[in-house]
Amino acid sequence: MFFGYFTKKDWAFAALCTAFIVFQVYLDLKIPEYMNGITYAIQTGDASDIVGEDGARMIACALLSLASSVGAGFFAAKFSASYTRTLRRKMFSKVQELSSQDISEISAASLVTRSTNDPYQLQNFLGRSLQVIVKSPILASWAILKISGSDWHWTAITVAGVLIIVCTIAAVMWCVMKYFKRIQWLKDDVNREVRENLTGSKVIRAYNAEGYRESKFDEASDALLDNNLKIFTWMAPMGSTSNTVVNIMTISIYWVGAMLIADAADQDTKFQLFSDMVVFSSYALQVMSAFMMLTGIIRGFPGAKVSYGRITEVIERERGVPEGSFDGETSETGTIEFRAVTFSYPGRKKPALKDVSFRIGKGQTLAVLGSTGSGKSTLIKLILRQYDPDSGQVLIDGRDAKDYTRKALYSRLGYVPQTPIIFTGSVESNVNFGETSASRDHGDVLRALRIAQAEEFVSKLPEGTDTILSQYGKNVSGGQKQRVTIARAICKDPETLLLDDSFSALDFRTDRELRAGLKKEMAGTTKVIVAQRVGTVMDADLIIVLDEGEVMGIGTHSSLMESCRIYRDTAISQMEERRCRPEDRRGPPRRSPNRSGRPSGSC
Ligand code: ADP
Ligand code: MG
């Protein structure tokens with residue numbers, strides 16, 4: 001609800017703005033009363049004092065009205081800025097909570113426009129329109145009250161004028177609403193094209209695809225242009241229609257007035273009628289101006305309504321994966337268990353994981369091996385509870401992952417995503433990251449970097465751990481980024497480390513040393529290592545071999561070499577590959593791996 005998001009401050013700003021507006025309307029409507037006295041006095045030719053006195057009062061009213069208008073404008077601006085800030089904040093914290101499923105449903109491009117452009121649109125509209133929305137009805141009803149006792153001809157003319165304006169506004173709005181609703185969505189499309197062009201600029205250039213990308217951008221941009229042109233075409237006649245109606249109305253009031261004056265019996269009545277006419281037309285103009293002001297802001301209304309809807313759609317969105325409530329102690333620590341877990345991504349028929357079961361205990365290493373698309377990252381996502389399984393159970397420390405609060409769950413896990421994420425800031429701030437960062441010091445950061453095999457390259461950076469990494473880590477290589485993100489998870493010292501293909505950009509030697517370091521220095525930490533290289537997983541306590549979501553084999557390296565054909569074939573083919581790379585070769589090459597033992601030359 002719109003008012004539901006008001007903070008106390010917002011209520012105070014809105015109340016102050018309304019108070020100034022009421023005062024301003026009172027003053028504006030007082031002016032014609034003095035005008036009545038002055039017109040009558042001038043006609044009858046007496047009491048020049050009245051002219052001076054009422055004139056001074058009129059000027060005072062006008063000045064005070066101006067001051068009130070400034071005050072109302074000030075508080076309207078304060079209100080709109082404060083209100084949209086509340087919405088922006090709520091949206092920001094909601095986005096942090098959303099699961100990756102939610103984010104991909106809304107789309108990242110749309111979330112960007114929803115957090116920047118939409119609040120701006122809303123703020124702009126509220127800032128400009130709050131005064132009008134409050135002022136117009138007060139002004140119109142107050143002015144109507146003041147003229148209600150006048151000649152019925154004049155009242156009829158005013159009512160007709162108002163009806164024509166209201167009908168015109170309603171008709172135009174009905175026609176353009178659909179175009180207004182489209183604007184923000186079309187802006188999302190333009191935003192997406194710009195983002196893709198920026199992030200993919202190197203690839204676009206390398207493929208000489210500038211023309212193709214430009215035509216895609218033009219498409220999105222032209223759709224927005226066409227839509228906006230349609231709105232302007234419809235809205236253009238509105239201003240001139242209102243002006244014409246006001247002019248015709250004024251002429252009609254004077255025309256009727258002239259006839260009434262001509263028919264009047266005596267001079268005094270004529271004078272009075274003339275004053276009434278001047279005052280009436282002035283009030284009638286106030287009524288019309290109230291509706292015309294509404295016309296002005298009604299143009300912005302559909303857009304603001306759509307923006308407001310887009311913002312609240314995010315704020316009020318229920319998380320796809322609801323949070324549990326457990327945050328106490330568990331009987332076990334560092335255990336991960338899957339019980340017959342099957343999961344398909346929304347909208348996909350084929351399961352990404354099918355009937356997966358395993359259990360690992362504290363300090364053990366689980367390795368997940370499989371080709372691209374075999375479901376390895378999906379398995380990690382289920383531990384992280386980015387999704388819930390369709391059937392079966394994921395247990396962490398002996399409890400269903402669904403039971404935990406988000407905080408309790410993530411405090412147990414150290415996650416290294418497949419694509420390294422670096423935040424703008426120093427190496428230190430990237431490694432010592434998150435809730436527990438205050439309890440860790442520089443020594444912990446160095447230790448984490450050492451285990452992650454990042455110590456050497458970080459020490460060679462211009463300012464060591466204080467070197468600023470740019471957004472997306474553009475000033476370091478892929479393997480270096482991976483090691484910084486691994487160090488981040490190690491520094492957190494979690495119960496369980498989840499490494500999603502985090503060794504893929506490392507050379508064989510670094511891969512081996514990193515694993516040795518993890519084994520030695522993080523002996524009490526459970527590790528889930530996703531990899532595509534047999535060499536990376538062979539030391540694990542338990543290896544799961546996945547293929548298209550199905551478990552092809554589960555066991556230790558030696559048992560899988562015996563029992564799992566895919567595993568054995570992968571091991572042999574990777575051995576052959578390595579033998580052709582002299583820089584990775586250690587010791588004399590052998591023609592074939594020892595079937596039950598370790599493949600030669602790997603680790
Ligand atoms: P891996 O990490 O082994 O390369 P993933 O676990 O990422 O594989 O993906 C397994 C399967 O699920 C793939 O077929 C992939 O296309 C599909 N998949 C992955 N992410 C999504 C998603 N967000 N929506 C729909 N399908 C997905
Ligand atoms: Mg993956």
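Which side chain has an N or O atom 3.5 Å from a nitrogen atom of ligand 1? That one is answered in point 2.

1. Ground rules. This is a predicted model, so to speak: local features need pLDDT of at least 70, side-chain atom pairs count only at pLDDT 80 or more, and totals for chains, interfaces and linings use all residues. Residues are numbered from 1 along each chain as its sequence is written, chains are lettered from A and ligands numbered from 1 in the order in which they are written, and side-chain values use heavy atoms, with hydrogens and water left out.

2. The side chain in question belongs to Tyr-345, with an N or O atom 3.5 Å from a ligand nitrogen. A polar contact here is a pair of N or O atoms within 3.5 Å; within protein, one must be able to donate a hydrogen and the other to accept it, and residues adjacent in sequence count only if both atoms are side-chain atoms. On its own, ligand 1 has 560 Å² of accessible area, and the protein covers 68% of it (Shrake-Rupley method, 1.4 Å probe; for residues, only the protein chains shown count as cover).

3. The shell around ligand 1. There are 13 residues around the ligand, and Gly-373, Gly-375, Lys-376, Ser-377 and Thr-378 come nearest (a residue is near if one of its heavy atoms lies within 4 Å). By class, the shell holds three nonpolar, seven polar and three charged residues. When you tally these yourself, remember that Ala, Val, Leu, Ile, Met, Phe, Trp, Tyr, Cys and Pro count as nonpolar, Asp, Glu, Lys and Arg as charged, and the others, Gly among them, as polar.

4. The magnesium ion. Ligand 2 has Ser-377 (OG) and Gln-418 (OE1) as its protein donors, 2.0 to 2.3 Å away. Ser-377 sits in helix H11 (residues 376-383), while Gln-418 is in the loop between strand S6 (413-416) and strand S7 (425-426), 41 residues apart. Donors are N, O and S atoms within 2.8 Å of the metal (3.2 Å for Na, K and Ca), and water is not among the atoms, so the site may look incomplete. Helices (H or I, at least four residues) and strands (E, at least two) are DSSP runs, numbered from the N terminus.

5. Buried or exposed? Ser-377 counts as buried because its relative accessibility is 18%, whereas Gln-418 is partly exposed at 40%. The cut-offs are under 20% for buried, over 50% for exposed and partly exposed in between (1.4 Å probe, protein chains only).

6. Aromatic pairs. The count comes to 22, where rings of Phe, Tyr and Trp (its six-membered ring) pair if their centres lie within 6.5 Å; planes under 30 degrees apart are stacked, over 60 edge-to-face and the rest tilted. One of them, Tyr-26 with Trp-142, is tilted, at 6.1 Å centre to centre and 40 degrees between the planes. This pair links helix H1 (residues 8-44) to helix H5 (residues 117-147), 116 residues apart. Tyr-26 is partly exposed at 37%, and so is Trp-142 at 26%. Phe-74 and Phe-75 pair edge-to-face, at 5.1 Å and 80 degrees; Phe-74 is partly exposed at 47%, but Phe-75 is buried at 15%.

7. An aromatic cluster. Have a look at Phe-2, Phe-3, Phe-6, Trp-11, Phe-79, Tyr-83 and Tyr-308, which form one cluster.

8. Ser-107. This residue lies in the loop between helix H3 (100-106) and helix H4 (108-115) and is partly exposed at 28%. Its side chain reaches the backbone nitrogen of Ser-110 at 3.1 Å.

9. Backbone angles to check. Asp-355, in strand S2 (residues 353-360), has a positive phi near 50 degrees without being a glycine. Gln-453 also has a positive phi, about 60 degrees, and is not a glycine; Gln-453 falls in the loop between helix H14 (442-451) and helix H15 (455-460).
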